[in-house]
Amino acid sequence: MYKKYEMELAGRTLRVDVDRVAKQANGAVLMHYGDTTVLCTATASEKPREGIDFFPLSVEYNERLYAVGKIPGGFNKREGKASENAIRVIDRPMRPLFPKDYRNDVTLENLVMSVDQDCSPELTAMLGAAIAVSISDIPFDGPISTTQVGLVDGEFVFNPTSAQREVSDLALTVASTREKVIMIEAGANEVPEAQMIDGIFAAHEVNQKVIAFIDTIVAECGKPKHEYESCAV
């Protein structure tokens, strides 16, 4: 038996399965967004790593060609390396929200199982990583959410489809906590500053709906955060 949670996000169904697989992880969710499926797990060591002066967080994002129904053939059967953009989109907003005196090893593993070209696996992995940590016993000042924004024919579209991305004048990614926007990445085709700001605020509003959804999951499935040995300087 496992718990299933659903919400409508940008016209598509976002589904979160908790306790379906990877039960030995501190926190794990199987994410479904449209036909995109990503397994997201969060694990932490029991004790801090000795002799280090930084937080040892590792973010992994593994996508294989089988996720889009392809098998490598010919002489070169090796897969390509992981998407640096996906790792950055997960790492940048989440890293500052762990305690500054926390030195336990933490790994956020994201395994892409299948890909729907209209539902970004990177976005799905980011949401999954945030939920996995939020329901785990790992100290974390979340939850957080991320929304992608496009601009098609002068109108904002959230988490744009593949066709919409092709004609969009804006590629904006916004991550938020309950209180504020914490990360922005953007590329644009000469979009006015006022319109860019409107897009950021619009994405922040969408993020609040997702955070409220995550809160319901944490309320039912969340573990108490564990005590840890402070390594404050």
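Biologist: What makes the set of 48 residues in this structure a nonpolar core, and which residues have the most contacts inside it?

Modeller: In this predicted model, the largest nonpolar core has 48 residues, and Val29, Met94, Phe98, Val106, Leu108 and Ile217 have the most contacts inside it. The term applies because such residues are buried, of nonpolar types, and joined through side-chain atoms within 4.5 Å. Helix H2, residues 121–135, supplies the largest share of this core, with ten residues. Apart from this core lies another, of nine residues, including Leu151, Val191, Ile200 and Ala203.

Biologist: How do you know that H2 is largely enclosed by the rest of the structure?

Modeller: Buried means under 20% relative accessible area. Of the 15 residues of H2, 15 are buried, so the helix is largely enclosed.

Biologist: What makes the span of H2 close to the expected one?

Modeller: From first C-alpha to last, the 15 residues of H2 reach 21 Å, and 21 Å is expected at 1.5 Å a residue.

Biologist: Why is the pairing of the side chains of Asn62 and Glu109 called a polar contact?

Modeller: The two side chains make this contact at 2.4 Å. The cut-off for a pair of N or O atoms is 3.5 Å, one able to donate a hydrogen and the other to accept it, so the pair qualifies. Asn62 lies in strand E5, residues 57–63.

Notes:
Residues numbered from 1 in each chain as written. Predicted model: local features only at pLDDT ≥ 70, side-chain atom pairs only at ≥ 80, totals over all residues. Heavy atoms only, no water. Buried < 20%, exposed > 50% of the residue type's maximum accessible area, 1.4 Å probe, protein only. Helix = DSSP H or I, 4+ residues; strand = E, 2+ residues; numbered from the N terminus. Expected span 1.5 Å × (residues − 1).
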